[in-house]
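Here is a short report for a first look at this structure. Please keep the sequence and the model in view while reading.

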Amino acid sequence: MLPSTLGQTPPIRQASFGLGREDRGLPGRTGPTTMRVMFVRCYADNFRCFSGLTLPLGPLSLFVGANGSGKSSVVHLLASLRDFILGRAKSLDLFPPRTLTRWDKRIEQTFELGLKLVQGEYAYRLRIRHEAPERALNKVVEERLTLDGKPLFTSDDQRVELYNDRHQRKAELLPDWHISGISRVEERRENTKLIAFRRTLETTLVLAPNPGLVKAVSAEEQPVTIPKPDGSDFAGWLREIVTSDALARQDAEQALAKGELPGFRLFQAVPSGDAKILECIFHGGPPPPKFRLDELSYGQIVLIILETALAVAGQHGGVLILDEPGNFLGLSEIEPILTRLQDAALEGRFQVILTAHHPIAVDFLAAGYGLWLEREPTGPARVHPIKLAEGALEGEPNLRVSDLIARGWLSSLGVRSPAETPAPG
Amino acid sequence: MPRVSKIILVCEGWRDSSFGRGFLVAAGVDPRAIESRANRAGSGHDWVKRRFAEEVANLKRFSEGRGVLALLDEDGRGIRAREDEVEGHLKARGLLPVSAEDGRCLLLPTRNMETWLYWLTAHRNSSPIEVDEVIDYKRMGPPSGAQRIRNEDCRPAGKALHALDHTRPPQGCPPMLVRALGHLRAFLKAVSR
């Protein structure tokens, strides 16, 4: 018998796997992909500027919008949900009271994540109640996971129920109010479907690189299997990749050497006491020139992080989420990276979710894969698929999407009206 | 390996771009030397014709090691008619006509790119099929014996095209594909430094 709350919420909408341009009714020519892992939907209520907002996600999604429209909140939301489900942090750290929507008096936050895997469509739901926001106290009052509508895991603030792969209730546990129950489930032969969901989140990379924070020294006692979004622990992550994921490391080195970092040969982790220092070795010498990672330019550091992320995602599939990947890069470096991200997404190798301000990124991807975020200064964010109407740019052959945004014309020319946007749920 | 400073690839969409890049990279062109200009909005063929002329005009200013390659569906309008339409755009800007030997290359699949993708994918998989250039496979679905083309088939199809010898094409190879391969060889020769 399922908890009665299961039937009270709108079901996560089934989304097509082939969300290419044609499938979304957008111009251009793409067909279905065979992507095996894909976030199809994310919902947040009472979280920062999101009030009951559903984000539709395709193989390639580019979030575009003005400052403060919620682009970085999308990245923050997905990273926080991933970290919570994997047990990397507690609800108090990931969803503190300051993440409550400022103009909303309710004390509950609700999150949903729709994920499509070969097993079927997973729907994850999380509710957090901020009992005493002034004392930064909150607790998980609902967490559940279903596969094609059938339960795999349910919990409230009283009990946790765990189901096997045939959706039969198998165990009842006491909840921890601040930690995901799913993160505490041990891997067993009968719960492979739940574990597959968790594994997918382990292959979800979220990066908003800030090269000024990136250190060459890694002293982590625990291996860095998932890097921090700002990339500050990149050296530790690469150290882990070097030992556990040699092919990804090789792919990253080859891509850098062939393309964006002329003269680059390979990475080297040099012991220094209990820590290791990440060095980049270049052609030349002897001896070959070596630079600590933090001695490189900001643009070079970001390129190294992006290439490594592309290599890891290319090896494992999964989802790659990048906040402003064009930041710090040279003008000639942005489009090749975007082309590779587009190819990877449309060929079904891994899902790509981006945010961007940069006109090159906007012009390259927004017309086919763009999602326009907008909001009043103290109002909730809204999202619309960017759709350039047939003939919208006729007579303006040199006008680009970035021009439309810069001129404030996008709403009238290129974005569907809210009435045309499919209702969430 | 051809040393090319820039090839501008003008296409109706990502699939065509993926196919074109598959060919060029297989031919040894550095992927970073390929700038893909795929249609963003509105009518695809109009956009390609206009953009091709714009890029050819740019080529006139920065010519060394550069070329413009366009892929444009014939769409049942007739090869000659399509070529005339493109030439019209070039002429209106006072530009020289299409010439693969001079880095201004136009590929015209009949009826559309799907004809080539289906044939090349089947050829690559050693399971040859017959295609008819009159049939619109985009609307009618795959030819007999073929699976529906997926996005991830486009780049390998471009690669498979590079592996063909246009002077001795395999049996059943669509005539416009043979012609396109000849143009592509001439184009690569023209833009290599």
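## Where the two domains meet

In chain A, 28 residues of domain 1 are in contact with 20 residues of domain 2. Two residues are in contact if their C-beta atoms, placed from the backbone, lie within 7 Å. Domain 1 of chain A covers 4-203 + 317-420, and domain 2 covers 204-316. These bounds come from an automatic or database domain assignment.

On the side of domain 1 of chain A that touches domain 2 of chain A, α1 (71-85), α3 (192-202), β15 (319-323) and α7 (331-346) each supply at least two residues. Helices (H or I, at least four residues) and strands (E, at least two) are DSSP runs, numbered from the N terminus. The residues on this side of domain 1 of chain A are 15 nonpolar, 6 polar and 7 charged. Ala, Val, Leu, Ile, Met, Phe, Trp, Tyr, Cys and Pro count as nonpolar, Asp, Glu, Lys and Arg as charged, and the others, Gly among them, as polar.

## Confidence

This is a predicted model: local features need pLDDT of at least 70, side-chain atom pairs count only at pLDDT 80 or more, and totals for chains, interfaces and linings use all residues. Residues are numbered from 1 along each chain as its sequence is written, and chains are lettered from A and ligands numbered from 1 in the order in which they are written. pLDDT is the predictor's confidence in each residue, from 0 to 100. The model scores ipTM 0.85 and pTM 0.86.

| Chain | Mean pLDDT | Residues at pLDDT 70 or more |
|---|---|---|
| Chain A | pLDDT 85 | 85% of residues |
| Chain B | pLDDT 91 | 97% of residues |

Within chain A, strand β4 (residues 108-117) has the highest confidence, at a mean of 97, and helix α10 (residues 410-413) the lowest, at 61. Over residues 1-29 of chain A, pLDDT stays under 50. Residues 421-425 of chain A also stay under 50.

α1(A) has 15 residues and spans 22 Å from first C-alpha to last, close to the 21 Å expected at 1.5 Å a residue. The expected span is 1.5 Å times one less than the number of residues. A residue is buried if 20 or more other C-beta atoms lie within 10 Å of its own, exposed if 12 or fewer, and partly exposed in between.

A:G299 sits in helix α6 (residues 298-316) of chain A. A:G299 counts as partly exposed because it has 16 C-beta neighbours inside 10 Å. Beyond four places in sequence, A:G299 touches A:F328, A:L329 and A:G330.
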